[in-house]
Amino acid sequence: MQLPLPAQVDAKKVLLAVSPEKDVDGFHPMNVGFFRRNAPAGAVHAAGNMEILKRSNVQSLALRL
């Protein structure tokens with residue numbers, strides 16, 4: 001799922017509908033809590049990685065194909 005969702009869609013309901021085991025982005029509340037408790041110092045999740053790439057002016061690999 002791509003966030004943000006349109007205003008008429010309840011993002012919380014959608015996030016909870018995704019199984020925590022299949023939540024590759026780590027948005028499910030269980031995964032967010034797990035990450036906060038268990039991540040090593042300095043670890044970043046997918047959104048953090050995307051921000052690093054954006055600030056480094058790294059283009060998407062898909063754009064190069």
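This is a short talk on the predicted model of one protein chain.

Some ground rules. Residues are numbered from 1 along each chain as its sequence is written.

What is the secondary structure of the protein chain? It comes to four helices and zero strands, in the order α-α-α-α along the sequence. Helices (H or I, at least four residues) and strands (E, at least two) are DSSP runs, numbered from the N terminus.

Next, confidence. The mean pLDDT of the chain is 75, and 74% of its residues reach 70 or more; pLDDT is the predictor's confidence in each residue, from 0 to 100. Helix H1 (residues 11–17) has the highest mean, 88, and helix H4 (residues 61–64) the lowest, 53. Where pLDDT is low, the predicted coordinates should not be read in detail.

Of the 65 residues in the chain, 8% are buried. Buried means under 20% relative accessible area, exposed over 50%, and partly exposed in between (1.4 Å probe, protein chains only).

Pro29 is in helix H2 (residues 29–38). Its relative accessibility is 47%, so Pro29 counts as partly exposed. The C-alpha atoms of Pro29 and Leu16 are separated by 7.5 Å, with the two residues 13 apart along the chain.

Leu53 belongs to helix H3 (residues 46–55). Leu53 is partly exposed because its relative accessible area is 36%.

Note on methods
Predicted model: local features only at pLDDT ≥ 70, side-chain atom pairs only at ≥ 80, totals over all residues. Heavy atoms only, no water.
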